[in-house]
Every structure is written in C-alpha cells, then in structure tokens.
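Here is a short briefing to read alongside your model. Keep the 3D view open and follow the topics one by one.

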Amino acid sequence: MHPWTYDEFKHIGVDFADPQQVARYDARQRTSIERQQQLVERLRITRDDLVIEFGPGTGAFSIAAAMAGAQVIAVDISESMLDYASRKAAEMGLATIEFVHSGFLAYQHQGQPADFIVTQFAFHHLPDFWKAVAVRHFHDLLKPGGHFFLRDVVFSFDPSDYEAAIQQWIDEIASENGDSFSRADFEMHVRDEYSTYGWILEGMLQRAGFTVDATYTTPTYAEYDCVRG
Ligand SMILES: C[S@@+](CC[C@H](N)C(=O)[O-])C[C@H]1O[C@@H](n2cnc3c(N)ncnc32)[C@H](O)[C@@H]1O
C-alpha cells in the first residue's frame, strides 16, 4: 500500500453500500441463479474446484458455483452486498462459500491457487491502469491452466462513432418505468465509471500471460475466457 495506491473501497456510481439499492439489485439487473448455473456449466466448474469471484454482488454466480460443489471465495468491497449474499447462501444451506470484504487489488489469498476467477459487471469500477494491476494479480492467483472469466460493459465500436454508439445503447437499455436501471444510471456509468475498449482489455490480459478468447456480444458488452499459460 502506497500513498498513491488507488482506493478501490470508495464508492462511485450506484451506491452498492446502500441496503435499499442491494435489495432492488436482482430485479433491476435481471440476475438469477438459474442463468448463472448456465455459466457454471459452460465453464465446466465442478466439485472441489476452487473459484474466486470478485464483485459477486447479490451472489447468484457464487451460489450457482457452490451448488455445483465448488469451493467459492466471494470478494466484494460492499458489506451490504456481502450480507445480502451470505444470508441467501445460508438460507439455501450452502456452506462452501467464504465471503470476504476486500477488492480486486487488496485481496490476499492463502492456500491453494484457484482453478477459476470470475468477475461480472464489476471490473469497470477500476480505472484502466489499476485494471492492468488487477489482471496481473489474478494471473498470480490462478493455477497454470486456470481460467479467468470476465464479463462487463466493454466498448468495441469505432472511437469516431462514440456519441451515436453510447446514445443508442442508453436509448435501448434504459428503463422508463423503474423495472431496471434508469437512463440516469447508464449516463452515470459512462460519465463516472471506467468501462473501456476491448482492445485495451485484450492487451492487458495478454501482457499478463493469458491466452484470450474474446467475444464482443454487442458494441457495448464483452466476455473474455482467459487461460493462464
Ligand atoms: C454491478 S454489481 C455486479 C454484481 C454481480 N457480479 C452481477 O453480475 O450481477 C458490481 C459489484 O462489484 C462490487 N465492486 C466494486 N468495486 C469492487 C472492487 N474493487 N473489488 C471487488 N468488488 C467490487 C460492488 O460492490 C458490486 O457488488
């Protein structure tokens, strides 16, 4: 920790420290354990794999991985999110998830290296320089051959088209009736958070030593299935 180290615990954007925001999150983001089970199957996470999830939020993916028999470490900077997710896991009788109040940069691992690291819709909370630091950290947390799966709001439109592309995304996705995140939430995402270009992320991942399989699902969403070489 240096005087210049980024403070990843300061909340920006949607305040996930607010228990009311947390309680509404699943409906607004349309997260569900069933959808996350599809990702667990796709990644072939099985019994006794060690999975670290960063930014689990309300915990759907960590819960789905634990249901498949994995040992899970769920790391989030928001204590409200961790409380909510750990209550849900306890209600479901799942005892193999360890909830840790820490972050992408601060998390310190003890024990065996991980088989999988997963983060969804959380990495945009770090500025790019610190994303590169975090990606290097993830590489060191994984076994050789281990997977890092990243899904987020990532831009792949041409930089010269940015105004139209961002406006089209917000127009298509923002909810006008409160059943999802609002126009103001998405405007704030672009203005105050750190979504970046796919080619920047791919460069970071490759330089950290990952083999990268990138999928740009739309001009504003991407997934990266990365293997530690
Ligand atoms: C938009 S939510 C995504 C939750 C969940 N992964 C999903 O896909 O629905 C972002 C989550 O990342 C967490 N977060 C933000 N910055 C973080 C950091 N530096 N380290 C770990 N988690 C972080 C937030 O507290 C929040 O729970």
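The buried residues of helix 5 are Trp130, Lys131, Ala134, Val135, His137, Phe138, His139 and Leu141, where buried means under 20% relative accessible area, exposed over 50% and partly exposed in between (1.4 Å probe, protein chains only). This is a predicted model, in which local features need pLDDT of at least 70, side-chain atom pairs count only at pLDDT 80 or more, and totals for chains, interfaces and linings use all residues. Residues are numbered from 1 along each chain as its sequence is written, and side-chain values use heavy atoms, with hydrogens and water left out.

- Helices (H or I, at least four residues) and strands (E, at least two) are DSSP runs, numbered from the N terminus.
- The cover over the buried residues of helix 5 includes strand 1 (50–54), strand 4 (114–120), strand 5 (142–153), helix 8 (198–207), strand 6 (210–218) and strand 7 (221–228).
- What span should helix 5 (residues 128–141) have? At 1.5 Å a residue, its 14 residues should span 20 Å, and its end C-alpha atoms are 20 Å apart, which agrees; the expected span is 1.5 Å times one less than the number of residues.

**A buried histidine**

- His124 sits in the loop between strand 4 and helix 5.
- With a relative accessible area of 6%, His124 is buried.
- Leaving aside neighbours within four places in sequence, His124 is in contact (heavy atoms within 4.5 Å) with Lys131, Asp152, His189, Glu193, Tyr194 and Ser195.

**A buried phenylalanine**

- Phe61 belongs to helix 3 (residues 60–67) and counts as buried at 2% relative accessibility.
- Setting aside neighbours within four places in sequence, the contacts of Phe61 are Gln36, Leu39, Val40, Ile45, Val51, Glu53, Val118 and Gln120.
- Phe61 and Val40 are 21 residues apart in sequence, and their C-alpha atoms are 7.7 Å apart in space.

**Strands 2 and 3**

- Strand 2 (residues 71–76) pairs with strand 3 (residues 97–101) in the parallel sense over five bridges; pairing requires that DSSP finds at least two bridges between two strands.
- Ile73 stands opposite Glu98 in strand 3.

**Around the ligand**

- Glu8, Tyr25, Gly55, Asp76 and Gln120 come nearest of the 19 residues around the ligand, where near means a heavy atom within 4 Å.
- A nitrogen atom of the ligand lies 2.8 Å from a backbone N or O atom of Gly55.
- An N or O atom in the side chain of Asp76 is 2.6 Å from an oxygen atom of the ligand.

How values were computed: Polar contact = N/O pair within 3.5 Å; in protein donor to acceptor, adjacent residues only side chain to side chain.
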